[in-house]
Amino acid sequence: SESNPEIIHNTKLHPDRGTVWCAASSRCIVGTYFFEEHGVTVTINGHGYFRMLNEFLYPKLRRRRIPINSV
């Protein structure tokens, strides 16, 4: 700024991102699941995917009475 040369303008270098998961089969659609930890998007690895299956997908299928091996 010509009026204040020491002013700082903060801008994001990268857009906000998210990792989202959804499942679709002939029997149902299950989702959406956002891969986050403490409100922050995380990169998916085997441990995170396994946790999502056990804590999100399988309980949803059980509530709908859909056998896990039939999806």
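The dialogue below takes ring pairs, then the core.

Guide: This is a predicted model, where local features need pLDDT of at least 70, side-chain atom pairs count only at pLDDT 80 or more, and totals for chains, interfaces and linings use all residues. Residues are numbered from 1 along each chain as its sequence is written, and side-chain values use heavy atoms, with hydrogens and water left out.

Visitor: How many aromatic pairs does a search of the whole structure find?

Guide: Rings of Phe, Tyr and Trp (its six-membered ring) pair if their centres lie within 6.5 Å; planes under 30 degrees apart are stacked, over 60 edge-to-face, the rest tilted. The search finds three pairs. Trp-21 and Phe-56 make an edge-to-face one, at 6.3 Å centre to centre and 85 degrees between planes. Trp-21 lies in strand β1 (residues 20–24) and Phe-56 in helix α1 (residues 46–63), 35 residues apart. Helices (H or I, at least four residues) and strands (E, at least two) are DSSP runs, numbered from the N terminus.

Visitor: Is Trp-21 buried or exposed?

Guide: Buried means under 20% relative accessible area, exposed over 50%, partly exposed in between (1.4 Å probe, protein chains only). Trp-21 has 13% relative accessibility, so Trp-21 counts as buried. Tyr-33 and Phe-35 are both buried. Trp-21, Tyr-33, Phe-35 and Phe-56 form one aromatic cluster.
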